[in-house]
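Visitor: I am new to this structure. Please show me how to read it, one feature at a time.

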Amino acid sequence: MPGTLNFAPRFDRTGRIVLNGQVPNVSEVYVDGQLRKSGGELLHVDTERVVREAERAAERVRAA
């Protein structure tokens, strides 16, 4: 990961991760010790439900 093009130059690794990290650079995500993303896929998340709820919330904001 740090040797990839979007991380060059490598003088400030923390800054590069924060500013230049992209989805393909992340293979696994743990939250509170539990694996939440593996192999690029979210685990235990109903993504269709999340999208529906986000769209409903956006509609409420537009209507306000």
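Visitor: Where is V45 found?

Guide: This is a predicted model, so read every value as computed from it. V45 sits in the loop between β3 and α2, and α2 covers 47-63.

Visitor: Let me step back. What secondary structure does the chain have?

Guide: Two helices and three strands. Read from the N terminus, the order is α-β-β-β-α.

Visitor: How are the three strands arranged in the sheet?

Guide: Start with the general idea. Strands of a sheet pair through backbone hydrogen bonds, and the pairing is either parallel or antiparallel. Here the sheet is open, its order is β1-β2-β3, and the pairing is antiparallel. The edge strands are β1 (28-31) and β3 (41-42), each pairing on one side only.

Visitor: How many bridges join β1 to β2?

Guide: Four, and β2 takes in residues 34-38. You can follow individual partners across the two strands. Y30 has L35 in β2 as its bridge partner. V29 stands opposite K37, also in β2.

Visitor: What do β1 and β2 form, and how many residues lie between them?

Guide: They form a hairpin with two residues between them. Look at D32 in the turn: its phi is positive, about 55°. D32 is not a glycine, yet it has that positive phi.

Visitor: Is D32 buried or exposed?

Guide: D32 counts as exposed, because its relative accessibility is 76% and the exposed class begins over 50%.

Visitor: Now for charges. How many salt bridges does a search of the whole structure find?

Guide: The general idea comes first. Side chains of opposite charge can pair when their charged atoms come close. In this structure the search finds one salt bridge. The side chains of E53 and R49 meet in a salt bridge, at 2.9 Å from N to O.

Visitor: Why are E53 and R49 separated by about one helical turn?

Guide: Because they are four residues apart in helix α2. E53 counts as partly exposed at 36% relative accessibility. R49, at 42%, also counts as partly exposed.

Visitor: What about K37: is it buried or exposed, and which side chain of opposite charge is nearest?

Guide: K37 is buried, yet it has no salt bridge. The nearest side chain of opposite charge is E41, 8.8 Å away. A salt bridge needs a nitrogen and a carboxyl oxygen within 4 Å.

Visitor: Which residues is K37 in contact with, leaving aside its neighbours within four places in sequence?

Guide: First place it: K37 belongs to strand β2. Its contacts are V23, V26, S27, E28, V29, L42 and L43. V29 is also the residue that stands opposite K37.

Visitor: V23 is on that list. Where is its place in the chain?

Guide: V23 is in the loop between α1 (13-20) and β1. V23 counts as exposed, at 63% relative accessibility. Now compare sequence with space. V23 and G40 are 17 residues apart along the chain, and their C-alpha atoms are separated by 8.0 Å.

Visitor: Last, the whole chain. What share of its 64 residues counts as buried?

Guide: The share is 9%. The accessible surface comes to about 5500 Å², and 55% of it belongs to carbon and sulfur atoms.

Visitor: Among contacts between residues at least 6 apart in sequence, what share joins residues at least 24 apart?

Guide: That share is 3%.

Note on methods:
Residues are numbered from 1 along each chain as its sequence is written. This is a predicted model: local features need pLDDT of at least 70, side-chain atom pairs count only at pLDDT 80 or more; totals for chains, interfaces and linings use all residues. Side-chain values use heavy atoms; hydrogens and water are left out. Two strands pair if DSSP finds at least two bridges between them. Buried means under 20% relative accessible area, exposed over 50%, partly exposed in between (1.4 Å probe, protein chains only). Lys and Arg count as positive and Asp and Glu as negative; His and the chain ends are not counted. Contact means heavy atoms within 4.5 Å. Accessible areas come from the Shrake-Rupley method with a 1.4 Å probe; for residues, only the protein chains shown count as cover.
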